[in-house]
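Q: Could you walk me through some of the charged pairs in this one, and then how the chain is put together?

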Amino acid sequence: MDAPGGAGGAGGDFDTVADGLYGLAPSAFTRARDQAAADARRAGDRALAARIKVLHRPTVAAYALNRLARDHAAELGAYLDLGRDLRRAQAELAGPSLRELSARRHRVVTALTSRAREAAAAGGVDLAEGQLREIEESLRAASADEGAAAALAAGRLTTGIRQTSGLPVLPDVTAAPEPEPEPEQQPAQQRGRTTRPRPARAARAEEPHRSAADQEARRRARAEAARAEAARAEAARAEAAQARAARAEAEQEHRAAVRDHDRLTRRAEQLAADRERAEHRVEKVRAELRQAQQRSEAAAAALARCEAERDTAATRVADTTRRLREAEDRVAAADGATGGGRTDGS
């Protein structure tokens, strides 16, 4: 198979070759890397061949992250922007924004992990549970560190990004080229090429330039590492300040909660006493009500008896009135009969 970088990688740009290699599955990486290095060597670019040869094969998790950077660059870029917003909120101790951004990061990490799994599966690589956790940790680390974010976006990871350090494990792109073999040691097919080997004097003349370039590359790498370390230290200080602010806020909320608890406890005790007094009053009123009901029932019974006696007395009055009238009628009749007899006999 041809190595990445076009035309088997011969004479290709190192970045183009590296980008192509780190888009391959780990099982295909080593063979493609060696092929690309051989193509570069046959093209006469031994420095490029040396740089390609020392590239490390990515782990399965790193491969999935590299595919994520290629296949879902827009989503990953939006997530890395979210990481910058999160770091800014940490530095500014913006509590509400920090909570909202942290919740968004959790959701996006879950979604991007799923994207990485799908991208790896499309390349014929299945991820285990531990590798998915490594991807999640790498995504969280990239949101906390600018250098890790740049490494993830570059898509050339060889391992996952560890949360504890925040530094990605990147391919070594500053390796020195292999030494130029002497003309008599070159294979016969290379001695017959139209491109003639460079004289030893020219090679020695170029060595200081290559050494200076290597030193400059190492210097830039050290400066980048120092900047990343400073960024991590600043993030750690911001996180510590955020933790102190959160603790102070929690202590304040705790004191307020204790005050509310004490106030509500006193209020509950007062209401319990009021309820007890009210229950006593209700019981007293109930007793008085029962007594009043008893008196009312007694009065109703007495009233009924009185009305019965009154009705009896009324009956007796009517009866005696009738007998009295009858008696008066008899007396009158008797008096009339007696008076008429005396008149007739005189």
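Q: What does arginine 42 form a salt bridge with?
A: In this predicted model, arginine 42 forms a salt bridge with aspartate 39, and their closest N and O atoms are 2.2 Å apart.

Q: How are arginine 42 and aspartate 39 placed in helix H2?
A: They are three residues apart in helix H2, which means that about one helical turn separates them. As a general point, an α-helix has 3.6 residues a turn, so residues three or four places apart point the same way.

Q: And is aspartate 39 buried or exposed?
A: Aspartate 39 counts as buried, with a relative accessibility of 9%, whereas arginine 42 is partly exposed at a relative accessible area of 41%.

Q: OK, what about glutamate 75, which side chain does it meet in a salt bridge?
A: The side chain of glutamate 75 meets that of arginine 115, at 3.2 Å from N to O.

Q: How accessible are glutamate 75 and arginine 115?
A: Glutamate 75 is partly exposed, with a relative accessible area of 33%, and arginine 115 also counts as partly exposed, at 27% relative accessibility.

Q: How far apart are the closest N and O atoms of arginine 290 and glutamate 283?
A: They are 3.8 Å apart, which falls within the 4 Å cut-off for a salt bridge. Arginine 290 is partly exposed, with a relative accessible area of 42%, and glutamate 283 is partly exposed at 40%.

Q: Which residues are linked in a network?
A: Asp81, Arg84, Arg87 and Glu146 are linked in a network of salt bridges, and a search of the whole structure finds 18 salt bridges.

Q: Switching topic, how many helices and strands does the protein chain have?
A: The protein chain has ten helices and zero strands. Of its 346 residues, 25% count as buried, and of the contacts with a separation of 6 or more, 67% come from residues 24 or more positions apart.

Q: Which residues of helix H3 are buried, and what do they pack against?
A: In helix H3 (residues 46-53), the buried residues are Arg46, Leu48, Ala49, Ala50 and Ile52, and they pack against helix H1 (14-21) and helix H2 (26-42).

How values were computed. Residues are numbered from 1 along each chain as its sequence is written. This is a predicted model: local features need pLDDT of at least 70, side-chain atom pairs count only at pLDDT 80 or more; totals for chains, interfaces and linings use all residues. Side-chain values use heavy atoms; hydrogens and water are left out. Buried means under 20% relative accessible area, exposed over 50%, partly exposed in between (1.4 Å probe, protein chains only). Helices (H or I, at least four residues) and strands (E, at least two) are DSSP runs, numbered from the N terminus. Contact means heavy atoms within 4.5 Å.
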